[in-house]
Amino acid sequence: MSVRVGIVGPGGIAGRHADALAEAGAVLAAVAGPDREQATAFAEAHATPGHGPPAVHATAGDLFAHPGLDAVVIASPHAHHAAQAEAALRAGLHTLCEIPVALSLGEAESLARTAARTGRRLAVAHTLRHCAPYLAVRELVEAGELRVTHVVARTLMLRQRDLGMEGRPRDWTDDVLWHHGAHTVDAALWFLGAESARERGGDASGAVVVRGRAASRGRAAGSRWTWRPCSARQGAGWPRSPSPITRAWPCMT
């Protein structure tokens with residue numbers, strides 16, 4: 001019997017998830033988004049052969065109540081990830097959440113507790129862990145052939161307009177930390193084998209220092225990142241989030 005999956009947020013990255021689900025043999029059963037026309041077009045474009053177009057819902061909550069769902073992909077704007085993932089888990093759905101899983105440590109820890117309590121799987125789309133060059137480095141670290149003591153990471157792009165990956169204008173800000181930086185920081189922690197991370201300090205500008213700790217062969221004893229504030233806005237048409245990104249959020253320097 002095929003796994004039945006719903007997608008919240010029918011944007012560019014959601015199309016990649018739909019293609020991957022189809023390749024894995026899953027059925028796309030439902031799609032949710034505030035723009036009915038866009039959601040319907042997405043559903044028709046990614047209908048699973050032999051099953052007809054997915055149901056279209058206006059809200060994530062309606063999709064989570066769709067009968068027969070096994071799992072859900074959260075691909076909405078960043079500010080909604082934590083609340084929607086929490087609701088999906090509470091609805092009994094296994095959840096794959098696009099990055100970032102949350103906009104604060106407290107929200108992320110709450111999600112981990114909810115997943116444990118409900119017995120549902122919660123995964124985050126840190127795709128660099130599945131890319132061949134990163135896997136090769138990780139294998140060297142695990143084998144003790146490479147001792148990582150420093151990770152210097154930089155993400156560069158020519159981004160002069162806020163466009164999605166398919167070239168459509170966004171009505172929410174594609175923040176360099178929460179979107180692209182999340183991949184970079186996760187990959188660095190993965191290379192370092194960090195078993196925990198903690199925030200230390202802070203100043204009037206909002207900058208903080210985050211340190212990761214590790215203790216196994218081939219891994220560094222610690223690492224450090226500095227963050228600074230930036231601003232962003234959430235997408236129009238989506239309900240107001242309990243943690244909307246309308247104030248300053250950290251950005252990595």
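## Salt bridges in this structure

R90 counts as exposed, because its relative accessibility is 56%. Keep that residue in mind as we look around this predicted model, which holds three salt bridges.

Let's stay with R90 for a moment. Its salt-bridge partner is E86, and the closest N and O atoms of the two are 2.9 Å apart. Both residues belong to helix α4 (residues 81-90), where they sit four residues apart, about one turn of the helix. What about the partner's surroundings? E86 has a relative accessibility of 15%, so it counts as buried, the cut-off being under 20%.

Next comes R129, which forms a salt bridge with D186, the closest N and O atoms lying 2.8 Å apart. This pair links distant parts of the chain: R129 is in the loop between β6 (122-124) and α6 (132-142), while D186 is in helix α7 (residues 176-192), 57 residues apart. R129 is partly exposed at 32% relative accessibility, whereas D186 is buried at 11%.

Finally, look at helix α6. The side chains of R138 and E142 form a salt bridge there, with 3.4 Å from N to O. They are four residues apart in the helix, so about one helical turn separates them. R138 counts as buried at 16% relative accessibility, and E142 is partly exposed at 41%.

Here are the pairs side by side:

| Salt bridge | N to O distance |
|---|---|
| R90 and E86 | 2.9 Å |
| R129 and D186 | 2.8 Å |
| R138 and E142 | 3.4 Å |

Notes. Residues are numbered from 1 along each chain as its sequence is written. This is a predicted model: local features need pLDDT of at least 70, side-chain atom pairs count only at pLDDT 80 or more; totals for chains, interfaces and linings use all residues. Side-chain values use heavy atoms; hydrogens and water are left out. A salt bridge is a side-chain nitrogen of Lys or Arg within 4 Å of a carboxyl oxygen of Asp or Glu. Helices (H or I, at least four residues) and strands (E, at least two) are DSSP runs, numbered from the N terminus. Buried means under 20% relative accessible area, exposed over 50%, partly exposed in between (1.4 Å probe, protein chains only).
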